[in-house]
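Welcome, and thanks for taking a look at this one. Please open the sequence and the structure side by side before reading on.

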Amino acid sequence: MTAVEDRRTAFEDNDKQPVGHGRMLRKEDPRFIRGKGRYVDDLQLPGMLHLAVLRAPMAHARIVSIDTTVAQAQPKVKLVVTGAMLAEQGLAWMPTLSNDVQAVLATDKVRFQGQEVAFVVAEDRYAARDALELIDVEYEILDPVIDVRKALEPDAPVIRTDLEGKTDNHCFDWETGDAAATQAVFDKADVVVTEDIVYPRVHPAPMETCGSVAEFDAIDGKLTLWTTSQAPHAHRTLYAIVAGLPEHKIRVVAPDIGGGFGNKVPIYPGYVCSIVGALLTGKPVKWMEDRSENLTSTGFARDYVMRGEIAATRDGKILAIRTNVLADHGAFNGTAAPVKYPAGFFGVFTGSYDLEAAYAHMTAVYTNKAPGGVAYACSFRITEAVYLVERMVDCLAYDLEMDPVELRLRNLIKPELAAAQDPHAFVKALIGPASYLTGAAAAWASVHAAFVIYLLTPLFYITPPDWHGKAQPGADEKKP
Amino acid sequence: MRVTMTVNGEEVTREIEGRLLLVHFLRDDLGLTGTHWGCDTSNCGTCVVWLDNEPVKSCTVLAAMAGGHEVRTVEGLERNGELDPIQRGFMECHGLQCGFCTPGMMMTTRALLDRNPDPTQQEIREAISGQICRCTGYATIVRSVQWAAAEEAGTRTVLEDAPMEGVS
């Protein structure tokens, strides 16, 4: 059967089969099941060179010296580039998607284990890897900040010494809700339950690691980048800034992607290195990281230390929820976009419950860990918010010696209340029927309903602004 | 060094470095990019091919070790223009999403069906225990293999509403 016939059969079958029963055949499957997918590492261009990245073996260290002469002298090696060389061209730092900057290659010091220090371009990938071992870097090891709870201590080593006037590891603060009104409700409540919740860092680990192939046409001045990207448009804008090319001269191609889960939204230094390699050699340059590099240096998820507080009456009426979050953003703030934060965490942390008041405050800090923080909807921080609120309701049920399902049923927003309550009313009304469910289904429904709110959060932007998260003054202070 | 092997029924001879991995030989030298490179350490199974009909992880086999042997890759599953039932099973039962683990999954489970034409769900899960899929959660992969087994046995309709273990 040819691929075209497969597809015809697929469409005919789709007319007859219900969605979600494994019979909805997909257009791309005929090539995937034949091994004819088109992933970045499948691309071979004439004269293509291979790039490998040298990474820091420690979390925090000053670079004393880098000697590349031996690596440079290897017969198959075309190019060895260090941070100092990039700095001469003004290319050592790149903007992140979160109004921060990130080192393409480290110049002054390394800030997390696995950080990019130098790269080699060679005729094949084995030769490029070999040459990495011949680069001699002398480091002066500095104390690292690994525990997020110690990042703001007065004697904590300052990680972002590259930011002018930076004297601590504070990254930004966000808040939403009415702190005073929430405090007033807590003051009058019969019962207050407080719980510290640590939600550790995880890695999305897509099956395909990150990589790119860059090709620069010097005659037309056009750059083409095939890359493992979930956000090619954002990438193009950044490359325009870094490479100094207008956007219409840059073509970013995101071919088949071997899984992403948010891991392939941020812009990683390796992509930029492949562009620099192509610009300097005049040849197409491929960079594919290995699994260890993927796990140690690319975007993560979670890494939240949350304090949750819930206030209720003795008979089980939930009155208010409050949370303080300490967020570990790693060495550079590379989250997809901070504007999404209120839409996610702030839109969901109140759950599906009928509350009198709520307040959330978040402090983000720098640590000597890999940057990122965008995976599994994690730039929205939905998962954390749902876990927080449902965990707090469970803890409250335990303290009140109540059935957690009964407690939830009693506090879910009723449809008849929804209309007059708040700007979210029209959204919450949609999930009102959840309150009529019985048994354990109701608890699940509230979790699912929270997700519905999340899906509809873009609508919040057209509602009155009194509930919106707002950036604190100072959130923009870390501009380069 | 010079190496000669049979790949998907065709004899190939190439001059290679002694340390070249079979996965890179297949992908970069022969252009058979259906076999993927996922972890380098025999953990993920995206690189599974057959060496003399035995599934191996080609990221941990030197190309030189395949010299004189018969290699079959995902590109060699389809024969005489006919898809293998395992390929149709994956398509029918949504045994893939991003498709990156799929070639390895299919090579392993085709080998399973050759040895055990009617595997239980547990046997299928054991067979793919050396392979990772991050998209599907495995339930549809198991179902795909069952679909192929039933197709080959001519009993496919029996499976339509078979309950799945571990799937709510």
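Predicted model: local features only at pLDDT ≥ 70, side-chain atom pairs only at ≥ 80, totals over all residues.

**Helix H8 of chain A**

- Helix H8 of chain A covers residues 269-281, 13 residues in total.
- From first C-alpha to last, H8(A) reaches 18 Å, close to the 18 Å expected at 1.5 Å a residue.
- Most of H8(A) is covered, with 10 of its 13 residues buried.
- Among the buried residues of H8(A) are Pro269(A), Tyr271(A), Cys273(A), Ile275(A) and Ala278(A).
- Gly282(A) follows H8(A) and has a positive phi, near 75 degrees.

**Nonpolar cores**

- The largest nonpolar core has 110 residues, and those touching the most other members are Val104(A), Phe119(A), Val120(A) and Ile275(A).
- Beyond its neighbours within four places in sequence, Phe119(A) is in contact with Leu51(A), Ala52(A), Val53(A), Leu54(A), Val81(A) and Cys273(A).
- There is also a second, separate core of 54 residues, which includes Phe172(A), Ala360(A), Ala364(A) and Ile413(A).

**The sheet of chain B**

- In chain B, 5 strands make an open sheet with mixed pairing, ordered S2-S1-S5-S3-S4.
- Strands S2 (10-15) and S4 (54-57) of chain B are at the edges; each has a single partner strand, so one side of each lacks a neighbour in the sheet.
- From one strand to the next, the twist averages 40 degrees.
- Strand S1 (residues 2-7) and strand S5 (residues 70-72) of chain B are paired in the parallel sense over 2 bridges.
- Val7(B) has Val71(B) as its bridge partner in S5(B).
- Helix H3 (residues 102-115) of chain B lies across strands S3 (48-51) and S4 of chain B, and runs at about 40 degrees to S3(B).

**Arg72 of chain B**

- Arg72(B) sits in strand S5 of chain B.
- Is Arg72(B) buried or exposed? Arg72(B) counts as buried because 20 other C-beta atoms lie within 10 Å, and the cut-off for buried is 20 or more.
- Leaving out neighbours within four places in sequence, the contacts of Arg72(B) are Asn8(B), Val49(B) and Trp50(B).
- Arg72(B) and Thr6(B) are 66 residues apart in sequence, with 8.2 Å between their C-alpha atoms.

**Where the chains meet**

- Chain A contributes 27 residues to the contact and chain B contributes 34 residues.
- On the side of chain A that touches chain B, there are 11 nonpolar, 5 polar and 11 charged residues.

Notes: Residues numbered from 1 in each chain as written. Chains lettered and ligands numbered in written order. Helix = DSSP H or I, 4+ residues; strand = E, 2+ residues; numbered from the N terminus. Expected span 1.5 Å × (residues − 1). Buried ≥ 20, exposed ≤ 12 C-beta atoms within 10 Å, placed from the backbone. Contact = placed C-beta atoms within 7 Å. Nonpolar A, V, L, I, M, F, W, Y, C, P; charged D, E, K, R; others polar. Pairing = 2+ DSSP bridges. Axes fitted to C-alpha atoms, helices over the stretch in contact; angles between N-to-C directions. Core = buried A, V, L, I, M, F, W, Y, C linked by C-beta atoms within 7 Å.
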